[in-house]
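Have your viewer ready and follow along.

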Amino acid sequence: MENHSNFIKTIMIQDLESKKHNDIITRFPPEPNGYLHIGHARAVINNFELAKNFGGNTNLRFDDTNPGKEDVEYVNAIIEDIKWLGYTPSNIYYASDYFGEMYERAVLLIKKGLAYVDDLTAEEISRTRGNLTTPGVESKNRNRPVEENLQLFDDMKNGKFKEGEVVLRAKIDMSSPNMNMRDPVLYRISYAEHHNTGKKWCIYPMYDYAHPLEDAIEGITHSLCSLEFEDHRPLYDWVVRETEMPLVPRQIEFGRLSIENTVMSKRYLKQLVDEKKVVGWDDPRMPTLSGMRRRGYTPEAIRNFILGTGLSRINTTVSTDMLESFLRDDLSVSTVKMMGVVDPLKVTITNYPEGQVESLSVPFDVNRPELGNRTVYFGRELYIEREDFIEEKPNKNWKRLAKDIEVRLFHAYFIKCTEIIKDEQGHILEILATYDPETKSGSGFDARKPNGTIHFVCAYQAIKTQFNLFGPLVFDGETPFMERLNPESWVKKYGFIEAAFNEALPTKSFQLMRVGYFTFDKVSTKENVQLNRIVELKSSFQK
Ligand code: ATP
Ligand code: MG
Ligand code: MG
């Protein structure tokens, strides 16, 4: 996955060849107001991989200029998620550490006659800004003398105004065709406590002012951001130029990543958490990196998916199938094959001696003998998957068990159903079967062919298990997203897994043959075993 090329890499190569830069320095700049999601992974991975290509550096920088919404819980979660993806930031910085320098540069702008304190309300500012066909109307405060602006800005900093009473605005061009250039707000007042600077500041820089300065202070060469900031680029350049920053970063936009049936905005994800529609940010259905990790996604799968879907200048929506196929590619080589029964049907082998159990030594992976063997048990009472049995074989495509039909049990024997036991409502309670000792797996028996091969567990040793089967949390659609929640996004099934799960396994996740890839949920204990289905074995297209 090292050779992915994209338009940003091309720009970086040119900038190195022309000696514009000697090194590549990128950054990933999350706002610590939520957990990272798979969309953020596109930005994380590309920033780190691009710099790595050229032996460069990547900073993790918390863009913490919005005290009301930010929290150290998010800071810590973001650090952990990036580490999990396999990246080590060259530095971890906080935009709030630059508040002093940002303030000084704002004073410089005022002195240059390029910024003014305005007491219009937010609503008035927005209204007088005009629109694409009408130029904006200049504020009555626009030509306030420099000395007065310096005094008022100092007053702002010293807490002499209430929230929303005044702002500092850039003096650029109220009739610019780019709305962002119509005297944007640079500073606002907030008395919220900041997670890093506490009560030290009560004025906070706006994103469009803060971000270019953060980049320039850190010597970022290529500042990658998502497409919605394209129109902000002239302002970005204006800020760097007019504040006279010595190092000049270049903003480059890339397309955002969306995945079908996946809500990906932190605001919505936070709402799901706050309204308890999910068990937390790391709910295994969430598209957050912590949720995906808990579900059983591997960082390799996510990295391959992000690099495999590329980086382009347009927003892209990819199918869940695409994400899952990268996941399966990784799980198929990083897991071992085990057995578990999600929806058990009891089978009694009537010709097997009562109370006797035999141990079968079975490799974890026939193709990887170095992983060793486990013990699979076989005895008089077994469980098979309810959907692997039908009373009467309907047609020749039915390759499972039915009355008077013989199937192979993986790693064990052929069994044949002889009788069905039902309750008064006709619901199947149990089936009786016979086994043929001649057909033991590995014996080379080939006198008859079974009607398919199914998985099973031995009832005596089986471990009771809750299986968590997941579907999309939210479906795509036009109605408000809270109305599109999938009521069946978390289905719980109660069954059994084979005894070998009591021992140390060679891998963290595993395939349950024919059922899917699974891993233990974080709340799973010896007494209350819970497995998460990471993904099914095949895409729904292939079934
Ligand atoms: P959200 O809209 O989900 O809240 P955000 O863009 O506000 O995300 P930030 O914390 O500002 O969240 O994101 C940090 C970086 O991650 C930004 O550079 C942003 O462009 C990028 N990013 C966020 N979501 C996506 C996405 N879906 N695809 C690509 N990049 C993304
Ligand atoms: Mg943002
Ligand atoms: Mg956002």
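## About the model

This is a predicted model, in which local features need pLDDT of at least 70 and side-chain atom pairs count only at pLDDT 80 or more, while totals for chains, interfaces and linings use all residues. Residues are numbered from 1 along each chain as its sequence is written, chains are lettered from A and ligands numbered from 1 in the order in which they are written, and side-chain values use heavy atoms, with hydrogens and water left out.

## The annotated domain

The unreviewed UniProt entry gives residues 24-331 the annotation "domain: Glutamyl/glutaminyl-tRNA synthetase class Ib catalytic". Such positions are given in the numbering used here, with feature names shortened, and annotations may be inferred rather than shown by experiment. Over residues 24-331 the chain is 40% helix and 15% strand, with the end C-alpha atoms 34 Å apart. Helices (H or I, at least four residues) and strands (E, at least two) are DSSP runs numbered from the N terminus.

## The largest pocket

The largest pocket holds about 1,300 Å³ of space. For the grid-minded: on a 1 Å grid over the protein atoms alone, a pocket is an open set of points with protein on both sides within 12 Å along at least five of seven lines, a cavity is a set where a 1.4 Å probe fits but cannot get out, and lining residues have an atom within 4 Å of a point. Grid points are joined across faces, edges and corners, and a volume is the space filled by probe spheres set on the points.

Lining this pocket are 46 residues, and His 40, Glu 228, Phe 229, Arg 256 and Lys 266 lie nearest its centre. Elements that give two or more residues to the lining include strand 1 (25-28), helix 7 (207-218) and helix 9 (266-274). Helix 2 gives the most, with five residues. By class, the lining has 18 nonpolar, 14 polar and 14 charged residues, where Ala, Val, Leu, Ile, Met, Phe, Trp, Tyr, Cys and Pro count as nonpolar, Asp, Glu, Lys and Arg as charged, and the others, Gly among them, as polar.

The structure holds two cavities of 30 Å³ or more. The largest cavity has a volume of about 50 Å³, and strand 24 supplies the largest share of its lining, three residues. That lining divides into eight nonpolar, one polar and one charged.

The second largest cavity contains about 40 Å³. Helix 7 provides the largest share of its lining, four residues, and Phe 229 is one of the residues that line this cavity.

## Two buried residues

His 194 sits in the loop between strand 6 and strand 7 (203-205). It is buried, with a relative accessible area of 2%; buried means under 20%, exposed over 50% and partly exposed in between (1.4 Å probe, protein chains only). The His 194 side chain reaches the backbone nitrogen of Thr 197 at 3.1 Å.

Glu 358 belongs to strand 15 (residues 357-363) and is buried too, at 15% relative accessible area. Leaving aside neighbours within four places in sequence, Glu 358 is in contact (heavy atoms within 4.5 Å) with residues including Val 376, Tyr 377 and Lys 440. A polar contact of 2.7 Å joins the side chains of Glu 358 and Tyr 413. A polar contact is a pair of N or O atoms within 3.5 Å; within protein, one must be able to donate a hydrogen and the other to accept it, and residues adjacent in sequence count only if both atoms are side-chain atoms.
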